[in-house]
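Work through the exercises below with the structure open beside you, and try each task before you read its solution.

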Amino acid sequence: MKLRIALAFAGVALAAAGAGIYLSYWQASAIPFARAAKPKPMPELRFIDGANRALTLADFRGKVVLLNLWATWCAPCREEMPALDRLQAQLGGERFQVVALSVDQQGVPIARRFFSEIGIKTLPLYVDPSAKAAFTLDAAGLPATLLVDRAGREIGRHLGAVKWDSPEVLAQLRRAISAE
């Protein structure tokens, strides 16, 4: 009887390990957004830029926006921020914008210090010191990233860190930009 129980536990452990390896490989190499069946209206978001000017997501209409919610205390956010910076450097312009929105309640100073510490050069600084954006967008955790079309509608969502400048992700984003 003990042998059967031990074998059953070993089988479950092997299956769990295999599933974990498969999922970690799949997540690392997967394209982050599955296109939504129908674009979803976005709620109004209010935030400020690095100069404390008031903005809303509507200020970016006409561009495809990669809206990334992050915080300085979020380890996966810290890991993916340099890739977001490189993404903005490669694709940013009149048709595409990365809006990396800090939800740190300490506001602009802590986000600016973080950008300086990790060497962010291209991303503009955007902060929601009220931290309401995460709740407004029903973000289950951080980092949370939404792909927003030119009309301001959500067309994709991803929870977790991504290699935003990987060839697969760049190709998917280029397709989204040219389709809009």
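**Exercise 1.** Find how many cavities of 30 Å³ or more the model holds, and describe the lining of the largest cavity.

*Solution.* The model is a predicted one, and the count of cavities of 30 Å³ or more comes to one. The volume of the largest cavity is about 40 Å³. Next, list the residues that line the largest cavity: Leu-57, Phe-60, Arg-61, Lys-63, Val-65, Val-148, Asp-149 and Gly-152. Finally, sort this lining by residue class, which gives four nonpolar residues, one polar residue and three charged residues.

**Exercise 2.** Describe how helix 2 and helix 3 pack, giving the angle and the distance between their axes.

*Solution.* Begin with the geometry: helix 2, residues 75-91, and helix 3, residues 108-118, pack at an angle of about 65°, and their axes lie 11 Å apart. Angles of 65 to 115 degrees count as roughly perpendicular, and helix 2 and helix 3 are therefore roughly perpendicular to each other. The crossing of helix 2 and helix 3 is right-handed. Then turn to the contact, where Arg-78, Met-81 and Pro-82 of helix 2 meet Phe-114, Phe-115, Glu-117 and Ile-118 of helix 3. The residues of this contact divide into five nonpolar, no polar and two charged.

**Exercise 3.** Say which residues a cis peptide bond joins, and where Asn-52 is found.

*Solution.* The cis peptide bond joins Leu-142 and Pro-143, with omega at about -10°, and Pro-143 is found in the loop between helix 4 (132-136) and strand 7 (144-148). Asn-52, for its part, is found in the loop between strand 2 (46-49) and strand 3 (54-56); although Asn-52 is not a glycine, it has a positive phi of about 65°.

How values were computed. Residues numbered from 1 in each chain as written. Predicted model: local features only at pLDDT ≥ 70, side-chain atom pairs only at ≥ 80, totals over all residues. Heavy atoms only, no water. 1 Å grid on protein atoms, 1.4 Å probe; cavity = no way out; pocket = protein on both sides within 12 Å on 5 of 7 lines; lining within 4 Å. Points joined across faces, edges and corners; volume = space filled by probe spheres on them. Nonpolar A, V, L, I, M, F, W, Y, C, P; charged D, E, K, R; others polar. Axes fitted to C-alpha atoms, helices over the stretch in contact; angles between N-to-C directions. Helix = DSSP H or I, 4+ residues; strand = E, 2+ residues; numbered from the N terminus. Parallel < 35°, antiparallel > 145°, perpendicular 65-115°, else oblique. Left-handed = near helix turned anticlockwise from the far one by under 90°. Contact = heavy atoms within 4.5 Å.
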